[in-house]
Amino acid sequence: IQILAGQDPYEDRVFRGGAFGAVMLALLLRGIPESLQAYIFLFLSLLGAWIFTRTFINSTLLNLFLCVIVVWSSANRTNLDTIQLTGLLMGLISFIYLEINTEKVNSNLFSLFLISALSAILLDSKPHITLPFVILLGFWAKKFAFLFLTLFILLFGHIFVGFIFGFEHFKNWLFLIFEIGQNQRFEQFDGAAHNYWQILTFLSSSFTNWTQLVPFFAYFFILGLSIISVRKFTFLGVCALSMLCIGITSYSHFYD
């Protein structure tokens, strides 16, 4: 919304979504009163979590009760905030998996474009979480058309948004992403990382600026190894590899 209004959403150093994904989500909700936007966003998040639950977990009363406990736990209830995309990402993962299983992704061009467009938007909005799931699922199922189309939409979207609203937003976003790997003050629970990276930077006082690249290197190194070996795993193994990548990044919270 700030980009559409000609403002810089990265000025306060809080918003970390890419310009393309942010503009697409804002356009989808444009014209809807803000009070209703919050309800719609929460509904879509809950719907995504529900679809994920029904897709991968047997619909027994006990399992559904356990899912409610997990969602409402202290580490996860932030996912129901209107600025979180975790529920939407869960729905996207389910959607991709169902499309792969039914073989529609290669036989139906509209279906292929739809999941690629959704993947590109959410990938731009939460790259550290979405990237391993999209890439590893694509390689696991050998759906390279899906991967190439997602990449094309993402690149074209950034170029298109850049020409209309300026490329300054893209530059500010990249600088903000790289700053996430900087030293985190663990004793003040500071910064974007609430994981191992805060502990490491707190215990080592000799860290210099170049170390902000370390978690990015580790992230893509593990992702690369996972791509090489992903065909040996079941779907559950693919999800485990994806979550390992999420855990190794410097930008993750307890609810991630």
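A cavity is a set of points, on a 1 Å grid over the protein atoms alone, where a 1.4 Å probe fits but cannot get out, and lining residues have an atom within 4 Å of a point. Grid points are joined across faces, edges and corners, and a volume is the space filled by probe spheres set on the points. The model shown is predicted, so that local features need pLDDT of at least 70 and side-chain atom pairs count only at pLDDT 80 or more, whereas totals for chains, interfaces and linings use all residues. Residues are numbered from 1 along each chain as its sequence is written, and side-chain values use heavy atoms, with hydrogens and water left out.

**Figure 1. Overall view of the protein chain.** The secondary structure comes to 12 helices and 0 strands, where helices (H or I, at least four residues) and strands (E, at least two) are DSSP runs numbered from the N terminus. Of the 256 residues of the chain, 44% count as buried; buried means under 20% relative accessible area, exposed over 50%, and partly exposed in between (1.4 Å probe, protein chains only). The accessible surface of the chain comes to about 14,300 Å², and 71% of this area belongs to carbon and sulfur atoms. Accessible areas come from the Shrake-Rupley method with a 1.4 Å probe, and for residues only the protein chains shown count as cover. Among contacts (heavy atoms within 4.5 Å) between residues at least 6 apart in sequence, 71% join residues at least 24 apart.

Figure 2. Rolling a probe the size of a water molecule over the atoms shows where empty space is left. The count comes to 1 cavity of 30 Å³ or more, and the largest cavity holds about 40 Å³ of space. Its lining is made up of Ala19, His158, Val161, Gly162, Gly166, Phe167, His169 and Phe170. Helices α8 (144-165) and α9 (168-179) each supply at least two of the lining residues, and α8 gives the most, with 3 residues. The lining divides into 4 nonpolar, 4 polar and no charged residues. In this division Ala, Val, Leu, Ile, Met, Phe, Trp, Tyr, Cys and Pro count as nonpolar, Asp, Glu, Lys and Arg as charged, and the others, Gly among them, as polar.

**Figure 3. The buried side of helix α10.** Trp197, Gln198 and Thr201 are buried in helix α10 (residues 196-203). They cover an arc of only 100 degrees around the axis and therefore lie on the same side of α10; the arc is that of the directions from the helix axis to the C-beta atoms. The buried residues of α10 pack against α11 (214-229).

**Figure 4. Glycine 181 in the loop between α9 and α10.** Glycine 181 lies in this loop and is buried, because its relative accessible area is 0%. Leaving aside residues up to four places away in sequence, glycine 181 touches Trp197, Thr211, Gln212, Pro215, Phe216 and Ser250. The C-alpha atoms of glycine 181 and tyrosine 251 are separated by 7.6 Å, although the two residues are 70 residues apart along the chain.

Figure 5. Serine 94 belongs to helix α4 (residues 86-102) and counts as buried because its relative accessibility is 0%. Not counting residues up to four places away in sequence, serine 94 touches Ile51, Phe52, Thr55 and Phe56. Serine 116, in helix α6 (residues 109-125), is buried with a relative accessible area of 0%. With residues up to four places away in sequence again left out, serine 116 touches Phe146, Leu149, Thr150 and Ile153. Serine 116 and leucine 151 are 35 residues apart in sequence and 8.3 Å apart in space, C-alpha to C-alpha. Serine 226 is placed in helix α11 and is buried, with a relative accessible area of 3%. Under the exclusion of residues up to four places away in sequence, serine 226 touches Leu136, Leu241 and Cys245.

Figure 6. Phenylalanine 43 is found in helix α2 (residues 34-56) and counts as exposed because its relative accessibility is 54%. From C-alpha to C-alpha, phenylalanine 43 and leucine 88 are 9.7 Å apart in space and 45 residues apart in sequence. Lysine 142 lies in the loop between α7 (127-141) and α8. Phi of lysine 142 is near 60 degrees, a positive value in a residue other than glycine. Most residues other than glycine have a negative phi.

Key: On a 1 Å grid over the protein atoms alone, a cavity is a set of points where a 1.4 Å probe fits but cannot get out, and a pocket is an open set with protein on both sides within 12 Å along at least five of seven lines; lining residues have an atom within 4 Å of a point.
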